[in-house]
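Visitor: I would like to learn how to read a structure like this one. Could you take me through a few features?
Guide: Gladly; let us look together.

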Amino acid sequence: MKLKITNVVGARPNFMKIAPLMQAMQADEDISAQLVHTGQHYDTRMSKLFFDELAIPRPDLDLGVGSASHARQSAEIMRRFEPVVLEHRPDVVLVVGDVNSTIACALVAVKLGIKVAHVEAGLRSFDRQMPEEINRILTDSISDFLFVTEPSGVTNLKTEGVPDEKVFLVGNTMIDTLLTNREKARTSTILNDLNLAPRKYAVLTLHRPGNVDDVDTLTRILGALETISAKLPIVFPIHPRTRNSIERFDLTARIQNATGLILLEPLGYLDFLQLVAESAMVLTDSGGIQEETTVLSVPCITLRENTERPITIEQGTNVLVGSDADKMIAAAEDVLSGRVRPASVPELWDGHAAGRIVKILTAET
Ligand code: UD1
């Protein structure tokens, strides 16, 4: 009998995490893998593009939930996912990351007596204002297989009383995807298209509710960006949530007129990877980008007060500046004047995490 695994994705950062897992599962004749997309992200540029570029199989099912408040979005995911699990009866439901789709589907599965595997378990920012932190804590507390990317995750789970035999330090499937695609990304024409030279620009991403949903915070960040972009062009692919905020707060004209700020629609995986890899620095509030810049050895200035990925600071290129304009500017100046720490790639971030996960799942179920 084959091991039946239902894999769940919902939002953009899930796609690069699932790609190598789907590949490893499809190559294993003892596994029958199903892929369900909740539809939490639905724009072509936030979803389909990644399936095409990363050769993720077309989902067996798209639940089409779309955007809504947290309660309504999560409830809708659960309502639509339950019949899928009842009909398919998998041995394992595998969820990745920390988005609403992660907890919603894990909760459905555990209530139906089905084992839950969580990829990227154990990360903690210790900041319960972040919806992702709630999603992480809850998902881990109901998971049977906790696949962890960095040692801090193992420590956190131990502290929370998770039995050792459920916890597996396996590395980082998002980095599997990065390493697989690094060469291919070099064929991207994005630098030429934007008329940029390597190391002569910065990249910015911004989408955390804490940064973009409050007018004062967003305006303060924008002020610092104006100072930095006067010295070094900043490429800014704008997340839909952030675009909505910019329009709502009447900041569109200001942002369009900022010298050196290059505004773009969200980019595909390969263009974005090439852009980051060749940049002088990245300013971001994303979780995953802190890890990608560490592997690419690109300085990362994180616009958050905390990180659930401390290894990117201890070993990598990451510094935290919150939404403090002076700190943002000082960190950018450090990079511009060559004051950067040497960085190294964390253990097990070697391109083989998905293989380890699949091996453990087949051995233990
Ligand atoms: C979600 C995740 C976050 C992740 C981020 C990456 C949660 C709680 N948050 O945040 O952890 O870092 O994805 O992008 O799950 N929208 C579109 N098109 C889309 C998707 C969203 O226009 O395809 C707009 C909608 O106006 C929506 C807003 O973006 O209301 C926010 O989308 P949502 O999925 O609620 O959360 P994100 O901010 O994307």
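Visitor: Is Ser143 buried or exposed?
Guide: First, a word on the model. It is predicted, so to speak of local features we need pLDDT of at least 70, and side-chain atom pairs count only at pLDDT 80 or more, while totals for chains, interfaces and linings use all residues. Residues are numbered from 1 along each chain as its sequence is written, and side-chain values use heavy atoms, with hydrogens and water left out. Now the term: buried means under 20% relative accessible area, exposed over 50%, and partly exposed in between (1.4 Å probe, protein chains only). Ser143 has a relative accessible area of 1%, so Ser143 is buried.

Visitor: Where is Ser143 found?
Guide: Look at the loop between helix H5 (131–141) and strand E6 (145–148). Helices (H or I, at least four residues) and strands (E, at least two) are DSSP runs, numbered from the N terminus.

Visitor: With which residues is Ser143 in contact, leaving aside its neighbours within four places in sequence?
Guide: Contact means heavy atoms within 4.5 Å. For Ser143, these residues are Val116, His118 and Lys166. A polar atom of the Ser143 side chain also lies 2.8 Å from the backbone oxygen of Thr139.

Visitor: Now the ligand. Which residues come nearest?
Guide: A residue is near a molecule if one of its heavy atoms lies within 4 Å of it. There are 20 residues around the ligand, and Gln40, His41, Glu132, His207 and Arg241 come nearest. His41 has a polar side-chain atom 2.7 Å from a ligand oxygen atom, and for Asn100 a polar backbone atom is 2.8 Å from an oxygen atom of the ligand. Arg241 likewise places a polar side-chain atom 2.7 Å from a ligand oxygen.

Visitor: Which element gives the largest share of the shell around the ligand?
Guide: That is H11, with 3 residues.

Visitor: How many aromatic pairs are there?
Guide: Rings of Phe, Tyr and Trp (its six-membered ring) pair if their centres lie within 6.5 Å; planes under 30 degrees apart count as stacked, over 60 as edge-to-face and the rest as tilted. By this rule there are 5 aromatic pairs. The ring centres of Phe15 and Phe50 are 6.3 Å apart and their planes are at 40 degrees, so this pair is tilted. Phe15 sits in helix H1 (residues 12–26) and Phe50 in helix H2 (residues 48–53), 35 residues apart, so to speak a link between distant parts of the chain.

Conventions
Polar contact = N/O pair within 3.5 Å; in protein donor to acceptor, adjacent residues only side chain to side chain.
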